[in-house]
Amino acid sequence: MPSSLSPSHHNFRPLEDFLPQNGAYQLLPFRFVRFDTTRYLLSNFVGEHCLVESETLHELVSKTLRPSSAGYSALKSRHFFFESGETSALHLLATKYRTKQAPLAEFTSLHMIVPTIRCNTSCVYCQVSHKSSTDQSCDMTEEAADRALDFMFRSPSSHLKLEFQGGEPLLNFAMVRYIVERTRQLEKQTGREVSIVICSNLSLISEEILQFCKKYHVDFSTSLDGPRDLHNHNRPSAEFDSYERTLAGITRVREALGICAISALMTTTQASLSRPREIVDEYVGQDFKSIFLRPINPYGFASRAGAITHYSTTEWIEFYKTALDYIIDLNIRGIIIREAYAALLLRRILTPYGTGYVDLQSPAGIGISAILFNHDGNVYASDESRMLAEMGDPHFRLGNLLTDSYENMMLSDVLIDTLTETMTEGVPGCSDCGFQPYCGSDPVRHYRLQGDIVGFKPTSEFCQRHMALFRHIIGILDGGSAAADVLKGWMY
Ligand code: SF4
């Protein structure tokens, strides 16, 4: 006698009856780009992505993707389509999109002030027409400083950051002191908080400066380009051993303010290209937990000296990938150090959160993420805009603190036009690029190199560089190995 539970007598329908039928879904907007010989990267407008074989892509768009196939649930859970009658996916997508765009409402966070363009080093890539260390004609006045702070406190950002740039800011420490004290007073009056950083070569660090920075909670950022010979080649001084001074300064800052009170970054010159591991080793040896590997900027002395023509984007990409792979390998072996630009890209790739990094935003972050007040009161949409002006082209000058209002500068034609034209969602080349959700615009660099703020992407070095970095990082993540775990640990 058959059991009452035997398959031939039960009333249950087979599992397939409860699964969606082929094609019973609606596609959501997404972009794609060929990733390697057989796969495509699919990304949607909140940045979720999938690497799929070309056959899967064809099935997805022709609505023949089978619910039992491996790609179905991955693509569904990442919102590349939704099943008919299901609305929760759309609500979730909308929430992620609001989160992704939230930084736009935050508005300008980083405010850079140049208290002087005097300097005591002669870096080969200097982007500013610096003056001698005793020429006080290029120092900021108190009136301009007051207006700069008024400007900064007009920003609605909940994370105000004040950064002193130069020249060498410590050559006009009196103005740095004035601005810091005034900032802390304004904090009390407004109930807001400002984090303050001095970007310095540290050659003039003194006990007085350290005690002041301790009292007013001021951190430092410095440049360390690699081992002694490389650093001194890139950042020579007629007055002192640049490498010795920087290392001594790092030690003093750490002792007085704590190990986290100083960070460092490097600039890649032609002389750096063959030494990626040595540069990383220098950072490890100096106990830094982070290194920022930057290509040279095409402004100022860097371009006049021909430095940018001494290496190609392809050469820099190879340098970067070698250094990054080495850093990952160090981490796997237990030596903790993070590459800062990869960390920014990972945040873009793996989370819906913004980075605040000017070059990785749509629209461009100039003016609305960062802004610069020059020693003479001129206001520029970014540090690179100031560098361009130093070369004789003030295209991105928004106005002057002494003569123009906040409204006039933030609503100036040059800023509004630039923002309007740098929404990568609609920019030729970017609008149908699978990396668009992670990428950004660099209108100043494109204007400088291609004579156009949007830029022609097929020949854009910004585009070439970012495509290569996205491919490399996503490729590592997709490998699912120990290297992928290291990268995931860098997100912040
Ligand atoms: S700049 Fe290049 S990599 Fe970036 S979104 Fe545009 S086309 Fe894609």
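1. Helix α13 is followed by glycine 392, whose phi is positive, near 105°; helices here (H or I, at least four residues) and strands (E, at least two) are DSSP runs, numbered from the N terminus. The model is predicted, so that local features need pLDDT of at least 70 and side-chain atom pairs count only at pLDDT 80 or more, whereas totals for chains, interfaces and linings use all residues. Residues are numbered from 1 along each chain as its sequence is written, and side-chain values use heavy atoms, with hydrogens and water left out.

2. Helix α13 (residues 383-390) is largely enclosed by the rest of the structure, because six of its eight residues are buried (under 20% relative accessible area, with a 1.4 Å probe and protein chains only). The buried residues are Asp383, Ser385, Arg386, Met387, Leu388 and Ala389. They pack against β6 (110-113), β14 (370-373), β15 (378-380) and α16 (443-450), where contact means heavy atoms within 4.5 Å.

3. For helix α11 (residues 313-332), the geometry agrees with expectation, because its 20 residues should span 28 Å at 1.5 Å a residue and its end C-alpha atoms are 28 Å apart; the expected span is 1.5 Å times one less than the number of residues. Its buried residues include Trp316, Phe319, Tyr320 and Tyr326. Like the helix of the opening point, α11 is followed by a glycine with positive phi, in this case glycine 334, near 100°.

4. The second largest pocket is lined by 19 residues, of which Cys50, Leu51, Val52, Ala74 and Arg78 lie nearest its centre. The elements giving two or more residues to this lining are β4 (49-53), α1 (54-61), α2 (70-77) and α17 (461-479), and β4 gives the most, with four residues. On a 1 Å grid over the protein atoms alone, a pocket is an open set of points where a 1.4 Å probe fits, with protein on both sides within 12 Å along at least five of seven lines, and lining residues have an atom within 4 Å of a point.

Key. Buried < 20%, exposed > 50% of the residue type's maximum accessible area, 1.4 Å probe, protein only.
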